[in-house]
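Have a look at this one with me.

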Amino acid sequence: MTSQAAHKDSILADPYSLPLESIDLSDPSLYSQNRWQDYFRRVRDEDPVHYQKNSPFGPFWSITRFEDIVAVDTNHQDFSSEPFIMIGEPDDTIPVANFISMDPPKHDQQRAAVQAVVAPRNLAAMEGLIRERIGTILDNLPLDESFDWVSSVSMELTSQMLATIFDFPYEDRHKLAYWSDIATGAPELSGGTASQEERFAALHDMVNTFGALWEQKSASRKAGNPVGFDLISLMESNEDTRDMMSRPEEFMGNLALLIVGGNDTTRNSISGSVLAMNKFPEEFAKLRANPKLIPSMVSEIIRWQTPLSHMRRIATRDVELGGKLIKKGDKVVMWYISGNRDERVIANPDHVIIDRANARHHLSFGFGIHRCMGNRLGEMQLRVTWEEILKRFDDIKVVEEPERVHSNFVFGYTSMHVKLSPIS
Ligand code: HEM
């Protein structure tokens, strides 16, 4: 694998001028330059189950239509999540293992152990805190100058939420966002730019910090105190995950999963929602006129943004799909970002339509046994954010094109400058 090739900024051609076989859907520049739409449209129309022989990440199949993606995602027997779910291969000098990259029965046990943190009762308990925190963030934004929405709001809010679900020291919360970026930011994983030294130092710090937190929770439980409802307490007290500390790659992997799961995704949906309301002002007008549309708008934004552009699987046997023979051992990439724009299933898919019928019918949370564990939490954060925004602002104007993440996995923004108009 040539990681250099994976992360250099490409000059992108018109996809219709290229031979189909030379289209590289793994090129992170497609996403950082926001040029992926026509590439995928062509592949969806002409070769929806597409084999790419050469890529910096090796050969792989691209699944690009909605229904085919559902078929792969709901068939974990034929399409395994092991050893990993990103298009690239993890670097074996930094071993990680987590339940998103496991098949049953291990997947089911570890997922069950942490699921309670996002149970409806816990979410209801968190809502007030989320509302209070977003309110404080919004009340402290500058009104007379432009500023970066990504760092001031989206990152700040999601870091605070993560600190809450991990019961992590509040003053160190920015470390969570940093670790999340580092976990997926390697060139060989996603075409990102984090160096191996930087990743190693960050993950080392993460394991030490969480190891200390784990010991603290353990001591508290053994002293007879009630078990907390945060993720570390749940994992530390559960029979299936209690000994995870003795398997460092699993400990590190599951932490990274929960941090990335709850961080980049929600962060980029919050930024994406502001951008969408700028690109589709008539939809913003609808929303302002009828805030009851917020829940449906949230689902529509999560579809339109698709914060994780793909998940990959490995075929466990020869399987036929869309008239193609996928061989045992082949890498299969489900491009959610493409399925969510599939005209066969979603009318006018490039448009944000906040009152779209059946807005929750999208691929952004996946399907099947790995369907996003935090989907209700992510939706709730977005809903509350917009409820609080509409109480305070008439408009959030994006004043220049946002900068986007250079990755084929996380689809999002590194900065987005905005100017606020408070309610007059
Ligand atoms: C899994 C997306 C928010 C935790 C996933 C998957 C996707 C996804 C695509 C894989 C699905 C599959 O393979 O079928 C999103 C999006 C979010 C979001 C778009 C927000 C808009 C969250 C939050 C958490 C979270 C807030 C925090 C708890 C997880 C976990 C998994 C997962 C733990 C692994 C589930 C498993 O393997 O069983 N998410 N996610 N996610 N997500 Fe999320």
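Q: What makes H12 stand out in the shell around the ligand?
A: In this predicted model, helix H12 gives seven residues to that shell, the largest share. Helix H12 (248-279) and helix H16 (375-392) are the elements that contribute two or more residues each.

Q: Which residues come nearest to the ligand?
A: Out of 29 residues around the ligand, the nearest are Gly261, Gly366, Cys372, Gly374 and Gly378.

Q: How do you know how many residues of the shell are nonpolar, polar or charged?
A: The shell splits into 14 nonpolar, 12 polar and three charged residues. Gly is counted as polar and Cys as nonpolar.

Q: Why is the span of helix H6 called close to the expected one?
A: Helix H6 (residues 120-139) has 20 residues, and at 1.5 Å a residue a span of 28 Å is expected.

Q: Where is the kink in H6 centred?
A: The kink, of about 30°, is centred on methionine 126. Met126 is also one of the buried residues of H6, along with Ile130 and Ile134.

Q: Why do strands S9 and S12 count as a pair?
A: At least two bridges are needed; S9 (residues 393-398) and S12 have five, so they pair, and they run antiparallel. Lysine 397 has lysine 419 of S12 as its bridge partner.

Notes: Residues numbered from 1 in each chain as written. Predicted model: local features only at pLDDT ≥ 70, side-chain atom pairs only at ≥ 80, totals over all residues. Near = placed C-beta within 6 Å. Helix = DSSP H or I, 4+ residues; strand = E, 2+ residues; numbered from the N terminus. Expected span 1.5 Å × (residues − 1). Bend = angle between axes of the 7 residues up to and from the residue. Buried ≥ 20, exposed ≤ 12 C-beta atoms within 10 Å, placed from the backbone.
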